Amino acid sequence: MDDNVRDIGGHYLELASLLGDGAHQLGYLPQLVAHQTLPKRNPDLSRDSRLDHLPIEPRFAVRRMENWSLGVDGSSRVGRDLQGAPTDGGWAARLWQNVCDRASRPSRRPRAMLHAWSSVFAESVRQFAPRPPDRIVVNTGGDFQIVALAHALRELDRQDRIGPTSIHVLFHFAVYETAVTARARAFGRQVNAAMGTMKRHRVHLHATTESLRQQLATVGVNATAIPYPTRPRNGLQRSRSSADATKILLAGMPRAEKGRGQICGLLESIEKPCLRSGRFIWSMQLPQKRWQRMIPPSMQPSCDVKTPAPTGRLAGTGLEVLCGNLTSQAYHDWLDTAGIGLFLYDPGRYVARCSGVLLEMMIRGVPVIVPDGCWLADQVRQAERTGPIGWIYQSVDDIPQILNGAEANLPEIHANCQRHAAHIAAYHSGKNSLLEMGIENHASSSLRRAS
């Protein structure tokens, strides 16, 4: 189940499809409950090969439950009860939270979202009618979802008397940035209070990074660390002539936490020495609206983002533009052309948060440039035990210098990346993610019974 799955682009559907593939390999019949607008927004959904083994039920009417989290990506300030009402903190903090809640649109208020989410969850479980071997996975979880889950299970226990159910919830987003805050401690109290009401069921919490598991443990929440899955590739990155320009690829639509505000300044600093000189190509997606803030004025006349299709390399600029959202096949084909993966991510937001794009670069054997002080840098340092696979920068201002020296070391680093890709493919698969969650391999048990 994932209320965030409403489009073919991005990593929500990608994660769901990879877990679905893994479940199919383990002998299950996976099924996805997604947002109700998914088929309306994507009329060609039936032709998406990722969904060959994953039938979809579009049910959720709300999404982005993380908006009311007590973690770094949310706006709540105090904990809540199973109805969504503020209960934690002093009376002044609760009063202010109530004011903030009422300032939101009625459909986006926490109580409304909690009830809408839990009602869809409960109805889905009623129709699913889980038996003991069945498993429910909440693909994108958090503290506010746990409260909504507890509310849904309480209603199911009262009205339907369902048997004990096995549920797995995946946490992705950081609890705090650098220091434990009062909000982080309230995060832990909120999760544990909700978990205490679900003891009749087997609810398992998982973190998609080890650093996030440690953050959860710091605020008193018990979770297991599991690998975030990424899509395997049929072959490693194509070899290129040493005379070819190296493509610097920024994957995904630019967002604030992914360095949207840093792009224009960095492009200005490398435009003449790196791009117009023919040494590098800068390749990125751009939205069809409000893209000018990300492109220097000197490069804007060459940009054409009126149609949602690749425009290709813009002559003389060293710039390659792709417009709008991409299909899964187009996105992965684009990643196959990367020479260097560049990440302008905010390290505070990714201090304990996994980047699916980083894994997609690593599984292709692509060298990467990442910021220090976050999960991305941790992955690069861990891989460096067998040789460097990229560069870690302290400031975006360091990147031009990194690029100036990259070409001399790129062949050696590229070879190291190719070796590391095999580890990524084995460890970060949908099947292994489910096994690390403790979900039984029914395919192997069926073979044992047959033999």
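Residues are numbered from 1 along each chain as its sequence is written. Since the model is predicted, local features need pLDDT of at least 70, side-chain atom pairs count only at pLDDT 80 or more, and totals for chains, interfaces and linings use all residues.

I'll start with the helices, which are DSSP runs of H or I with at least four residues, while strands are runs of E with at least two, both numbered from the N terminus. Helix H5, residues 143–159, packs against helix H6, residues 182–196, at about 20 degrees, with the axes 9 Å apart. That makes H5 roughly parallel to H6, the term for angles under 35 degrees. On the H5 side, the contact (heavy atoms within 4.5 Å) includes Phe144, Ile146 and Val147; on the H6 side, Phe187 and Val191 are among the residues involved.

Next, the sheet. Four strands form an open sheet, ordered S3-S4-S5-S6, with parallel pairing; pairing takes at least two DSSP bridges between two strands. S3 (136–141) and S6 (224–225) are the edge strands. S3 pairs with S4, residues 166–171, over four bridges.

Last, backbone angles. Most residues other than glycine have a negative phi. Which way does arginine 64 go, positive or negative? Its phi is positive, near 55 degrees, and arginine 64 sits in the loop between strand S2 and helix H3. Alanine 129, in the loop between helix H4 and S3, also has a positive phi, near 50 degrees. Alanine 129 is partly exposed at 47% relative accessible area, where buried means under 20%, exposed over 50%, and partly exposed in between, with a 1.4 Å probe and protein chains only.

How values were computed. Heavy atoms only, no water. Axes fitted to C-alpha atoms, helices over the stretch in contact; angles between N-to-C directions. Parallel < 35°, antiparallel > 145°, perpendicular 65-115°, else oblique.
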